[in-house]
Amino acid sequence: MYQRLELMNSFWDKYDNLIDDSKNSNKLELAEKLSQVKRYVNGLTDGWHDFMNGLKEILNSLESLDKDDKSRIKEIIKLTEKGLKNR
């Protein structure tokens, strides 16, 4: 149980750091979209799927993403997919 909690904290730290870094780099559209997608997570599997699909949409629709942004979003998508498979 404790390990799972640690993994979730690490996951959200990565996500929130991406939002903060986007704001600090004046990538406000990305920061806003990431904040909106986070609202999908409601503890239910459907919410996590919506969250993951929202991230994929950001990845495919924002032309302003640089290599680092794309890499970080892909990592979060992979972690989300892994979590959904383990449910």
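**Ground rules.** I'm working with a predicted model, so to speak of local features I need pLDDT of at least 70, and side-chain atom pairs count only at pLDDT 80 or more, while totals for chains, interfaces and linings use all residues. Residues are numbered from 1 along each chain as its sequence is written, and side-chain values use heavy atoms, with hydrogens and water left out.

**Entry 1: the largest pocket.** I looked up the volume of the largest pocket and got about 490 Å³. A pocket here is an open set of points on a 1 Å grid over the protein atoms alone, where a 1.4 Å probe fits, with protein on both sides within 12 Å along at least five of seven lines. The volume is the space filled by probe spheres set on the points, which are joined across faces, edges and corners. I found 14 lining residues (those with an atom within 4 Å of a point). Leu7, Met8, Leu79, Lys82 and Gly83 lie nearest the centre. Which helix gives the most to the lining? It's α1, with 6 residues. Both α1 (2-24) and α4 (67-85) supply at least two; helices are DSSP runs of H or I, at least four residues, numbered from the N terminus. I sorted the lining into 6 nonpolar, 4 polar and 4 charged residues. Asp, Glu, Lys and Arg count as charged, Ala, Val, Leu, Ile, Met, Phe, Trp, Tyr, Cys and Pro as nonpolar, and the others, Gly among them, as polar.

**Entry 2: Ser22.** Ser22 sits in helix α1. Is Ser22 buried or exposed? It's buried, at a relative accessible area of 1% (buried is under 20%, exposed over 50%, partly exposed in between, with a 1.4 Å probe and protein chains only). A polar atom of the Ser22 side chain lies 2.8 Å from the backbone oxygen of Leu18. Leaving out residues up to four places away in sequence, I see Ser22 touching Lys27, Leu28, Leu30, Ala31 and Leu34 (heavy atoms within 4.5 Å).

**Entry 3: helix α2.** In α2 (residues 28-38), I noted Leu30, Ala31, Leu34 and Val37 as the buried residues. They cover an arc of only 130° around the axis, so they are on the same side of α2; the arc is that of the directions from the helix axis to the C-beta atoms.

**Entry 4: two loop residues.** Asn26 is in the loop between α1 and α2. Asn26 is exposed, at 59% relative accessible area. Its phi is positive, about 65°, although Asn26 is not a glycine. Most residues other than glycine have a negative phi. Leu44, in the loop between α2 and α3 (45-61), is exposed at 55%.

Technical notes:
A polar contact is a pair of N or O atoms within 3.5 Å; within protein, one must be able to donate a hydrogen and the other to accept it, and residues adjacent in sequence count only if both atoms are side-chain atoms.
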